[in-house]
Each structure stands twice: as C-alpha cells, then as structure tokens.
Amino acid sequence: MKAITRAVFPVAGLGTRFLPATKANPKEMMPVVDKPLIQYAVEEAVAAGVTQLIFVTSSSKRAIEDHFDSNFELESALLERGQLELLNIVRDILPEGVSCVYIRQKYPQGLGHAVLCAKDLLMNEPFAVLLADDLIDHDDTPCLVQMVRSFQTSGTSMMAVQEILPAESVKYGVVELAGNAASGAVMPLRGIVEKPLPKNAPSCFGVVGRYILTPRIFEVLEKTTRGSGGELQLTDAIAGLMAQETVSAFRFAGRRYDCGTKLGYLEATIACALRHPELAGDFRASLRKFAECEA
C-alpha cells in the first residue's frame with residue numbers, strides 16, 4: 001500500500017463570512033490563539049506523514065505563501081536580540097523535508113475543481129485533502145493520522161464524517177451507509193447527497209473537511225457536470241467514484257470546529273486556549289470570572 005505523502009489544501013475562497021477582517025487578510029491566516037488557522041491543518045498533515053503540501057490559492061492569498069517561507073529579516077532581528085525561543089518557533093513552522101507547492105485557481109469553481117487543479121502534481125498516487133475551515137481538536141491522535149492508519153489497512157478512498165442534527169443536513173454532504181454506524185470507525189458507503197433537506201437525508205452523518213482519495217477520482221472529476229451553485233462539487237464526483245471502487249466513511253475521534261462560521265471560530269479559539277501550555281490556567285480563570293460577571 002502506497003504511503004500518503006501529498007496533501008491538497010484548497011484555500012482560494014473569498015472568506016466573505018468574515019468581512020471586513022478578510023478584506024486584505026486571507027481567512028486561513030486568521031489566528032487561533034497564536035497560530036493561523038491554516039497552520040493547524042498543515043501540522044495535522046505533517047503528523048500523518050505528508051511531505052509535500054499543495055496549496056490551491058488565488059491572487060489574494062500571498063500571505064499564506066509568505067507564512068510558510070523563510071523570513072530573513074525577522075530571523076536576523078530575533079537572532080541579534082537573543083530571542084532564540086521565538087526564532088525557533090519561526091524556523092520550525094515547517095519541518096525539514098517538507099515542501100510547499102502553490103497552484104493558482106483563477107476564481108472559485110467548487111471544491112471538486114480545486115482538487116482537479118492539483119492533478120498533475122499527485123503522480124498517480126493516493127492523497128489527502130484538508131479543509132482549513134475545519135479545525136479538529138483531539139486528545140491524542142490527529143484526525144488525518146487516524147485516517148491514514150485506516151487507509152493502510154483498507155486501501156479505500158474515505159472521508160471523515162460526524163454525527164449531525166437532522167436540521168443541519170442542508171449544510172453538509174450526507175452519507176448513506178451500507179452497514180451499521182456502530183460497527184466501527186470505517187463504514188462502507190452506499191451513497192452521498194449534497195445538502196439534502198432533512199426529510200431527504202439518508203443518515204445523520206455529514207462529511208467534514210478531511211479526505212483520502214485514490215487517483216481514480218480525477219477520471220471521475222473530469223466527467224462530472226457542474227452541480228450545486230454551478231460549481232464542480234467533490235461530493236458529486238465521490239458519488240461517481242463509488243461505481244468504480246469502494247468508498248468509506250470514517251468516524252473520527254475528536255471534536256471538529258467549523259471555523260468557516262464566526263461561532264465555530266470563537267469556539268475553536270477557546271478550546272485551543274484551554275489546551276495552550278502557557279495560557280491554559282490563566283485563561284480558564286478568566287473564563288470563570290467572565291461567566292460570574294455575566295451571570
């Protein structure tokens with residue numbers, strides 16, 4: 001079984017839900033405590049063994065490239081001041097042996113199109129897709145690490161899913177399962193529907209932003225017609241892929257925060273602050289005081 005060494009990060013979106021904050025700053029660069037949102041996704045991929053990071057960007061996302069590049073002036077200033085701890089933080093954003101590639105998507109045409117943009121770089125190998133909007137907190141093992149381990153056994157394309165409320169089905173791709181949801185973390189799919197009404201939802205499991213896909217997905221994407229919103233939907237292509245190979249849902253351990261929404265972003269910030277080695281104790285005390293004042 002081939003290892004997963006490449007991951008695609010679709011980051012070309014406009015981030016309109018966070019205007020005016022995202023007018024000049026990419027949504028993916030918004031900080032969650034002391035790291036930008038995109039860095040959490042990158043760290044998860046690197047922990048899973050990924051060594052090439054493929055960013056599908058737009059002209060307004062130069063800050064992402066700068067973040068993962070070296071900054072000679074900043075590093076020199078920190079070294080001169082003797083701020084070695086900060087210098088190491090800056091230098092260690094990407095470990096040795098991990099590289100970045102950037103592909104321009106002229107304008108957003110759907111998640112399926114963003115993945116298709118990376119076709120020529122993936123060398124006919126299985127790969128991961130991570131959506132930075134979905135920050136997945138965990139106690140021990142990152143979500144993509146869990147998925148890669150499962151893929152090494154099953155060899156099937158898979159997508160992360162979580163249980164959702166029936167009323168939330170219109171926000172998700174919702175999966176139809178071929179087996180019992182309680183049978184284990186990996187569940188074969190019978191179907192998938194993009195943003196169904198609650199009465200038409202085939203299950204209570206919605207897809208979140210972690211995928212492992214085999215290269216056959218590109219054959220399907222190239223034949224898939226435009227779907228919801230006039231865009232090329234990855235969900236539609238995965239539905240077509242199921243006619244050619246087994247596709248599974250992966251029920252991960254951890255909590256996902258939808259940082260594409262303001263509430264989810266704030267929840268993620270609180271969760272990460274409560275785990276931060278420098279801030280956790282003081283921040284927890286501050287929250288208690290705040291709750292007492294509000295009460």
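Me: If contact means heavy atoms within 4.5 Å, which residues does Glu75 touch, not counting residues up to four places away in sequence?
Reply: This is a predicted model, and in it Glu75 has its place in helix α3, which covers residues 72–80. Leaving aside residues up to four places away in sequence, the residues that Glu75 touches are Ser70, Leu87, Val90 and Arg91.

Me: Does Glu75 count as buried or exposed, and with which side chain does its own side chain make a polar contact?
Reply: Buried means under 20% relative accessible area, and Glu75, at 15% relative accessibility, therefore counts as buried. The side chain of Glu75 also makes a polar contact, at 3.5 Å, and the partner is the side chain of Arg91.

Me: Which element gives the largest share of the largest nonpolar core?
Reply: The largest nonpolar core has 37 residues, and those with the most contacts inside it are Phe9, Ile38, Leu53, Phe55 and Leu144. The elements giving two or more residues to this core include β1, α1, β4 and α6. The largest share, 6 residues, comes from α6.

Me: Which residues of α6 are buried?
Reply: Helix α6 has 12 residues and reaches 16 Å from its first C-alpha to its last, close to the 16 Å expected at 1.5 Å a residue. Just after α6, Gly155 takes a positive phi of about 70 degrees. Within α6 itself, the buried residues are Cys143, Leu144, Val145, Gln146, Met147, Val148, Ser150 and Phe151.

Me: Why is the pair of Phe18 and Tyr265 edge-to-face?
Reply: Phe18, in the loop between β1 and β2, and Tyr265, in helix α9, are 247 residues apart, and their pair links distant parts of the chain. Both Phe18 and Tyr265 are buried. Planes over 60 degrees apart count as edge-to-face, and because the planes of these two rings, with centres 5.7 Å apart, stand at 75 degrees, the pair is edge-to-face.

Me: Over which ring does the charged end of Lys35 sit?
Reply: A charge sits over a ring if, among other conditions, NZ of Lys is within 6 Å of the ring centre. The charged end of Lys35 is 4.6 Å from the centre of the ring it sits over, which belongs to Tyr40.

Note on methods
Residues numbered from 1 in each chain as written. Predicted model: local features only at pLDDT ≥ 70, side-chain atom pairs only at ≥ 80, totals over all residues. Heavy atoms only, no water. Core = buried A, V, L, I, M, F, W, Y, C linked by side-chain atoms within 4.5 Å. Buried < 20%, exposed > 50% of the residue type's maximum accessible area, 1.4 Å probe, protein only. Helix = DSSP H or I, 4+ residues; strand = E, 2+ residues; numbered from the N terminus. Polar contact = N/O pair within 3.5 Å; in protein donor to acceptor, adjacent residues only side chain to side chain. Contact = heavy atoms within 4.5 Å. Expected span 1.5 Å × (residues − 1). Phe/Tyr/Trp six-rings, centres within 6.5 Å; stacked < 30°, edge-to-face > 60°. Lys NZ or Arg CZ within 6 Å of the ring centre and 35° of its normal.
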